[in-house]
Amino acid sequence: MTIRKSIFLWPDPQSPSLGDVFRRTSAYEIEDLLRSYWPEIFPVLFSSARSGLTAILQHLGLSRPDLVWCPPYSSHCLFESIGRVATPITEQSNKVQIALIYHQWGFPGFHQWPESVIIIEDSVDTLFLPNADIFSAGGCFAIQSLPKVYGCVCGGVVFCRNEKDAQALINIRKQRGISRIQTLLRMLSSRSRSAYLYWHGAESLRGGLPNTALCQILRKVNMLPKFVQNRLDFLSDLSPSLAEHAKNTGCIPSNLPIIVTPKIKKIWCSNGSFRAGL
């Protein structure tokens with residue numbers, strides 16, 4: 001009997017290798033590597049994208065009365081993270097101070113807001129080409145999830161337009177510190193629902209990562225050119241126009257929307273291949 005591996009929207013996070021345990025690195029080394037790919041921006045590494053998001057809101061001085069717009073039907077973790085600092089809202093309002101623009105599965109998205117509204121670009125599952133325009137929606141910040149893009153166990157990056165914002169976020173990361181217990185819970189999450197729930201409950205206000213997790217991130221981010229080429233080759237075989245679109249936008253999608261015909265539904269929806277549905 002052949003055991004079919006089910007597929008989710010993003011790659012399953014991989015455990016650190018043995019080499020990651022014995023190497024030494026730092027968040028600053030990873031940030032320097034990221035800057036070599038995108039020299040005009042200032043990246044700040046956090047334990048996850050959601051902890052980076054709450055750090056942005058804290059840096060901007062938000063509190064409970066302040067409204068942050070996010071797209072309807074956003075994930076519960078997004079509402080939870082925003083709710084740790086401010087108040088999430090899905091309806092347009094002239095009281096909104098921050099707007100979160102989601103680039104769905106890596107396809108650039110846009111939304112009209114007054115110039116007074118600060119834009120955070122939610123690029124959690126976007127694979128950026130080196131030297132790409134990370135702020136395609138005119139944002140001041142962009143967030144990326146390393147498990148969703150690189151298959152790391154942990155990690156999220158906040159890309160900042162200016163260095164002052166980046167330094168302020170680094171200071172928040174230092175104040176929050178490192179939780180090895182939280183990292184261990186994250187590593188156990190793929191095997192234990194309870195571990196995931198405990199990790200999820202505390203993650204939004206975490207800061208940095210221990211050395212082993214950092215070493216895995218450094219190793220994975222070093223592979224960016226290979227990831228990009230493999231994905232472009234795949235898109236070229238599937239649809240040359242789609243590959244050209246990715247090159248022009250600098251954003252490679254993590255998922256491709258398709259029309260679900262009765263035949264596709266019969267083949268793919270009945271055998272449990274896709275854990276996120278089709």
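In this presentation a helix is a DSSP run of H or I with at least four residues, numbered from the N terminus. The model is a predicted one.

Let me begin with a residue in a helix. Asp 32 has its place in helix H2, which covers residues 27-37. Is Asp 32 buried or exposed? Its relative accessibility is 54%, and because the cut-off for exposed is over 50%, Asp 32 counts as exposed. For a sense of distance, Asp 32 may be set against Ile 119: the two are 87 residues apart in sequence, and their C-alpha atoms are 25 Å apart in space.

Rolling a probe the size of a water molecule over the atoms shows where empty space is left. In this structure there is one cavity of 30 Å³ or more. The largest cavity holds about 50 Å³ of space. Which residues line it? Among them are Ser 47, Cys 154, Ser 179, Gln 182, Thr 183, Arg 186, Trp 199 and Glu 203. Arg 206, Gly 208 and Leu 209 also belong to this lining. Sorted by class, the lining has five polar, three charged and three nonpolar residues. Two helices, H7 (180-188) and H8 (193-203), each supply at least two residues of the lining. The most comes from H7, with three residues.

Two of the lining residues, Arg 186 and Trp 199, also meet in another way. The charged end of Arg 186 sits over the ring of Trp 199, at 4.4 Å from its centre. A further arginine is placed over a ring elsewhere: Arg 173 lies over the face of Tyr 28, 5.5 Å from the ring centre.

Next, the aromatic rings. A pair of aromatic rings is described by the distance of the centres and the angle of the planes. How many aromatic pairs are there? The count comes to seven. One of them is formed by Tyr 150 and Phe 227, a tilted pair with 5.8 Å from centre to centre and 50° between the planes. This pair links distant parts of the chain, since Tyr 150 is in helix H5 (residues 146-150) and Phe 227 in helix H10 (residues 224-238), 77 residues apart. Both Tyr 150 and Phe 227 are buried. Ring pairs also link Tyr 37, Trp 38, Phe 128 and Phe 159 into a cluster.

Tyr 73 lies in the loop between strand S2 (67-69) and helix H4 (76-83). Its phi is near 70°, a positive value in a residue other than glycine. Tyr 73 counts as exposed because its relative accessible area is 85%.

Trp 105 is found between strand S4 (96-102) and strand S5 (118-122), in the loop that joins them. Here too phi is positive in a residue other than glycine, near 55°. The relative accessibility of Trp 105 is 24%, so this residue counts as partly exposed.

Why does Asn 255 count as buried? Its relative accessibility is 14%, and buried means under 20%. The side chains of Asn 255 and Ser 254 are joined by a polar contact of 2.9 Å.

That concludes my presentation. Thank you for your attention.

Definitions and conventions: Residues are numbered from 1 along each chain as its sequence is written. This is a predicted model: local features need pLDDT of at least 70, side-chain atom pairs count only at pLDDT 80 or more; totals for chains, interfaces and linings use all residues. Side-chain values use heavy atoms; hydrogens and water are left out. On a 1 Å grid over the protein atoms alone, a cavity is a set of points where a 1.4 Å probe fits but cannot get out, and a pocket is an open set with protein on both sides within 12 Å along at least five of seven lines; lining residues have an atom within 4 Å of a point. Grid points are joined across faces, edges and corners, and a volume is the space filled by probe spheres set on the points. Ala, Val, Leu, Ile, Met, Phe, Trp, Tyr, Cys and Pro count as nonpolar, Asp, Glu, Lys and Arg as charged, and the others, Gly among them, as polar. Buried means under 20% relative accessible area, exposed over 50%, partly exposed in between (1.4 Å probe, protein chains only). A polar contact is a pair of N or O atoms within 3.5 Å; within protein, one must be able to donate a hydrogen and the other to accept it, and residues adjacent in sequence count only if both atoms are side-chain atoms. Rings of Phe, Tyr and Trp (its six-membered ring) pair if their centres lie within 6.5 Å; planes under 30 degrees apart count as stacked, over 60 as edge-to-face and the rest as tilted. A charge sits over a ring if NZ of Lys or CZ of Arg is within 6 Å of the ring centre and within 35 degrees of the ring normal.
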